[in-house]
Amino acid sequence: MALNKWNNVHPLTLSLLSGLLLTSAWPNTALTIGLLFAWVPLLLMAHQKGPTFPLLRYVGLSLFIWNTGTTWWLWNSTGFGAVAAIVINTTLMCIPWWGYIKMRRYFTELISLISLVAFWLTFEYIHLNWSISWPWLTLGNGLSAFTSYIQWYEYTGVGGGSLLIWIINLLVFRCMVSLKEGKQKTAFYFSGFAVFLIALLVFISQQLLPIKSAVSEKRNVVVVQPNMDPYQKFETLTTADQVNRLVQLSVNAIDSNTVMVIWPETAMSAADWQDNIKVNPYYQPIFQFVAAHPSIQLISGIETFKQYGNIAATKTARKTNDGIYYDAFNAAVRLQSNQEPVYYNKSKLVPGVESLPSFLRFMAPVFEQFGGSTGGYGVSDTAVVFRDPIAQLNAAPIICYESIYGEYVTNYVKSGATMLAIMTNDGWWGNTPGHQQHLSYAKLRAIETRRWIARSANTGISAFINPRGEIEQSLAWDKRGAIKMAIPSEQKLSFYVQYGDLIFKLAAAVAAFFVVVYFYKKSTHARKAN
């Protein structure tokens, strides 16, 4: 299509094109490069139309297509939750564009576009840090398929990826506008700068690739994948059968050099009080396994409860019929011979399914009907590290959804974690892109923290990921078994671990400045009009 014909393209076509580009470029596809120009059709639409054009409805359509096309698999877990997530996230994503539309009334196109980028990055940052957080589609996550070229995430985190995607989109957009206006030289500068920026970052990535550390074969980690269908877990297997499967897979995989075994999220599913698990009859084979191998620390997901007596000790505490307050936890536990269990209670909970913000508590019965929890789960106040002073492998117990929060994961590392242990159960979504995306995002945490990752997924994909973000070993979806690898204990703190999401925070400051200036301009215009 000739460039001078863009004015004749119906806005609906441009809207559909942006939505489809965003969708087709999302991991895990071979079309990730599409993210670098996915916003261009919408930007061209905005350029062609005046400030009064109903741009937001077409933006909303693009975002709805993107959300639906990339996260439809949530339906396999909960139809209501899938619809809610797609609709709410689409609506929230419209807010940065709404701000951009407002800015266009009083500012030049360049200033308005800069504000759009700042508003979008601010939205992504807020979406990482509030009660209905759903950062699955943070733009920077989309580059996770190309870890060799994004080693600079060690400094920027996913915020750097989101910023890069926006910068390249704006450069491509300005190139196309310049060509349309007959300014070939200007178009050449824009396109040349885009190519230079990408090449520079690729070059920097190659320089940042860490040298692989020497590994002692006398210290290996075993990751277990029991492959139990979460929907048929108790119909096809008794609790005792589940425990026996986990223990047997572990026994078959370990050797005299094994120092750690990792089981997936909620692997220990005989829900009990935390003070009672040592005498729980279902768990006796586990404690026998631990006692027989005193040099091994077992890290497992577990469902537990904690009593508080007659006092509601937390905001999430529930009350029994006897008036006893307690919390339910989706937790991780560290077990080792002759030591007391150490717990970490999942802190980043899935909105709707595992927690409800206070302003949605009135909908608790609805969420519970569709697989949620009325009272919500309790949480740990801080990240907990499972320490092993003998083996010197200090593990960060990261439970499922928590692995998509880059800055939160740095808290483990700052607390002394020398490796990351991800426990998850992606079986709720079936064999869909969901579990593949989740694994892909884990690679970003490896780069950001420069830590090895041992990932235990109930139905797959379990994996070992090196600090470069490369998968060294994996166990495929829907396979039962265990994988074993000797991994080093990493000690250095990356720039990102030390300083977190600086790009997001800077963008939030810029966005706040734009909002202040906008209201100043608006009030000035109102005074002049009067």
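This is a predicted model: local features need pLDDT of at least 70, side-chain atom pairs count only at pLDDT 80 or more; totals for chains, interfaces and linings use all residues.
**Exercise 1. Which strands does helix α14 (residues 433–449) lie across, and at what angle does α14 run to β10?**

Residues are numbered from 1 along each chain as its sequence is written, and side-chain values use heavy atoms, with hydrogens and water left out.

*Step 1.* Find the elements: helices (H or I, at least four residues) and strands (E, at least two) are DSSP runs, numbered from the N terminus.

*Step 2.* Five strands form an open sheet in the order β8-β9-β10-β11-β12, with mixed pairing; two strands pair if DSSP finds at least two bridges between them. The edges are β8 (395–399) and β12 (471–475), each with a single partner strand, so one side of each has no neighbour in the sheet. From one strand to the next, the twist averages 15°.

*Step 3.* Place the helix. α14 lies across β9, β10, β11 and β12, and runs at about 160° to β10. Such angles run from 0 to 180 degrees between N-to-C directions, with axes as lines fitted to C-alpha atoms, for helices over the stretch in contact.

**Exercise 2. Find out how enclosed helix α13 (residues 406–414) is.**

*Step 1.* Use the cut-offs: buried means under 20% relative accessible area, exposed over 50%, and partly exposed in between (1.4 Å probe, protein chains only).

*Step 2.* Go through the helix. The buried residues are G406, E407, Y408, V409, T410, Y412 and V413.

*Step 3.* Conclude. Seven of the nine residues of α13 are buried, so this helix is largely enclosed by the rest of the structure. After α13 comes G416, with a positive phi near 115°.

**Exercise 3. Describe how helix α5 (residues 109–127) packs on helix α16 (residues 502–529).**

*Step 1.* Two packed helices are described by the angle and the distance between their axes.

*Step 2.* Read them off. The axes of α5 and α16 come within 8 Å and cross at roughly 125°.

*Step 3.* Classify. Angles under 35 degrees count as roughly parallel, over 145 as roughly antiparallel, 65 to 115 as roughly perpendicular and the rest as oblique. α5 and α16 are therefore oblique to each other.

*Step 4.* List contacts (heavy atoms within 4.5 Å). Among the residues that meet are I111, I114 and A118 in α5, and I503, F504 and A507 in α16.

**Exercise 4. Which strands pair with β6 (residues 325–335)?**

*Step 1.* Check burial. Eleven of the eleven residues of β6 are buried. One side carries Y325, D327, F329, A331, V333 and L335, and the other Y326, A328, N330, A332 and R334.

*Step 2.* Follow the partners. Strand β4 (residues 297–309) pairs with β6 in the antiparallel sense over eleven bridges, with K306 opposite D327. Strand β5 (residues 318–319) is also antiparallel to β6, over two bridges, and K319 stands opposite Y325. Strand β7 (residues 342–345) runs antiparallel to β6 with four bridges; here A331 faces N345.

*Step 3.* Inspect the turns. The β5 and β6 hairpin has five residues between the strands, and G323 takes a positive phi near 85°. In the hairpin of β6 and β7, six residues lie between the strands, and N338 has a positive phi of about 65°.
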